Amino acid sequence: MLNFFLLIIIYAGIYALMAIGQNCITGNTGMLSLCHAGFFCIGSYTTAIMCKTFGLPFWFSLPVAAIISGFVGFLIGVPTLRLKGDYLCIATLGLGEIIRNIATNVNPVGMMSVPRAELFGYQFSSRNKFTFILLIWFFVAVAYILFRQLAHSRIGRAMIAVREDEVAAQSNGINVTKYKIGAFILGAGVGGTAGCFATAYTLTVQPSSFTFMVSVMVLCMVVLGGMGNLAGVILGAFIIEFISYFPQLVGLSSVIPAQASQIIYGLVLVVMMICRPQGILGRDKYRYGDPRTFTQKLSARLPGRKKEGV
Amino acid sequence: MSLLKIDSISVRYGAIEALHEVSMTVDEGEIVALIGANGAGKSTLLKAIVNQVPLTTGSISFRDEVITTSARHKKSVPTHLLAKRGIALVPEGRHVFADMTVEENLDMGAFFIKDQDLIARKKEEMYDFFPILGARRKQKTRSLSGGEQQMMAIARALMSSPKLILLDEPGLGLAPLVVQDIFHKIRIINEQDKVTVFLVEQNARMALKNSSKGYCLENGRIVLSDTSSALLENDKVRQAYLGE
């Protein structure tokens with residue numbers, strides 16, 4: 001039972017990374033994209049190929065996966081730039097499926113027995129879930145801090161402006177193209193690193209695990225937790241992961257089919273849209289211009305420093 | 001010296017010619033009004049100025065530099081860079097950042113200004129000039145009334161200290177008293193801050209009363225151009241636009 005909870009925490013961490021990336025694209029910049037499974041796929045394969053085929057350490061594959069999926073994000077962002085709302089959604093959905101289909105056609109079986117991630121001689125394995133939790137949630141924390149800083153910066157402010165009103169953003173001197181593509185690159189990059197951790201945990205990659213349902217799940221996490229709210233999307237990742245393992249958790253997996261979780265997602269989303277459309281935590285309250293950014297809060301708490309007047 | 005010079009531009013949407021060889025000039029310090037009915041091409045003209053639609057003929061220059069051209073070998077200036085050059089657009093229908101507060105909206109208007117003191121000073125200026133915005137500075141913009149939102153859109157455009165401000169239907173959907181107030185503010189901006197104003201309006205009487213020069217657009221062609229006071233007396237204008 002404990003092991004099962006730990007498993008959920010690990011998967012919630014992997015999906016939280018994906019949701020942070022999706023949040024950058026959908027929550028902050030307002031582009032309804034549905035291809036995070038594709039970025040996840042690219043990250044997973046990058047780690048598998050680099051570690052198994054080339055025998056490189058896991059850590060090398062992280063930045064490479066981020067760069068490759070960021071580049072694919074760029075490739076997807078450019079042609080879909082003029083699309084909005086449901087049109088963008090359908091176009092990105094198609095592009096995400098293309099990535100999966102390429103993977104399926106190259107090798108339908110996928111890759112097995114990828115070497116484990118290692119740090120100073122210690123091997124991260126699925127047998128010791130606690131250390132794996134530390135590993136993945138360390139990276140979630142890093143992504144959280146980076147994206148939070150980004151959201152409060154000038155760049156984040158411009159992204160929000162693009163989400164709110166493109167015409168107004170442009171007439172105020174904001175290069176809409178630049179920020180839209182930038183959001184795609186960053187969001188895709190983080191999505192890719194999530195794939196690396198998934199491979200490091202399961203040590204296998206199969207094309208069938210990158211279906212469009214993964215993208216839908218990630219989008220659900222963002223909508224459920226609160227668009228543009230980083231703490232919210234991490235909470236969303238937890239809730240969705242918990243729901244998807246619920247039948248096994250209560251020991252009814254033989255009675256309730258696995259597909260039932262999809263019905264539950266749908267129900268949760270419908271109920272959310274009716275009762276609390278802004279998501280559980282709502283939109284991020286802290287905005288640009290709020291003096292209490294993370295670093296300032298930290299420095300105000302450190303002893304021996306004078307608090308600067310706000 | 002002409003600040004904005006539009007030199008026989010045409011714009012096509014497929015088979016339809018929305019603008020046909022339109023020429024006009026806006027001199028420094030003027031308020032120029034462009035009047036016309038629905039579908040005359042007013043919005044298209046503004047879009048052409050800010051480089052949102054391609055020209056089929058002609059060119060537009062701002063402070064003697066070409067900003068938009070139909071010529072293939074020359075590059076037009078992208079919209080977002082025009083703000084830096086001193087052209088501020090207040091789009092039709094009050095495009096405000098609804099989920100941001102009034103203050104954050106004004107911050108966005110000064111997006112490319114790096115000097116924080118200047119931004120703070122400009123904001124105070126705006127709050128003095130539009131006291132209602134000062135009172136609502138921490139409020140989400142979506143909770144503002146239509147007139148307040150329009151004032152906020154104008155204030156936001158003024159944050160970048162533009163040379164030329166383009167107003168697309170500033171009186172659209174507002175009560176007559178509010179419209180009066182907004183036009184009054186526009187005149188003050190023009191007289192005190194020396195901002196040249198180019199306004200596009202369906203409300204011909206209001207636009208001509210508050211401007212120095214007027215152009216009348218019909219089916220994509222300029223059919224009349226004169227001083228605003230002369231246009232107000234013009235029989236054709238009186239019949240077609242003033243309902244007399």
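The legends below describe close-up views of a predicted model. Local features need pLDDT of at least 70 and side-chain atom pairs count only at pLDDT 80 or more, while totals for chains, interfaces and linings use all residues. Residues are numbered from 1 along each chain as its sequence is written, and chains are lettered from A in the order in which they are written.

**View 1. Helix H1 of chain A, residues 2–28.** Helices here are DSSP runs (H or I, at least four residues), numbered from the N terminus. H1(A) has 27 residues and spans 36 Å from first to last C-alpha, close to the expected 39 Å (1.5 Å times one less than the number of residues). At A:Gln22 the helix bends by about 35°, the angle between axes fitted to the seven residues ending there and the seven starting there. A:Gly30, with a positive phi near 80°, follows H1(A).

**View 2. Surroundings of A:Ala19.** Not counting residues up to four places away in sequence, A:Ala19 touches several residues, among them A:Val218, A:Met221 and A:Ala237; contact requires C-beta atoms, placed from the backbone, within 7 Å.

**View 3. A:Ile99 in helix H4 (residues 85–106) of chain A.** A:Ile99 is buried because 22 other C-beta atoms lie within 10 Å. Beyond its neighbours within four places in sequence, A:Ile99 is in contact with A:Gly38, A:Cys41 and A:Ile42.

Definitions and conventions: Helices (H or I, at least four residues) and strands (E, at least two) are DSSP runs, numbered from the N terminus. A residue is buried if 20 or more other C-beta atoms lie within 10 Å of its own, exposed if 12 or fewer, and partly exposed in between; C-beta atoms are placed from the backbone. Two residues are in contact if their C-beta atoms, placed from the backbone, lie within 7 Å.
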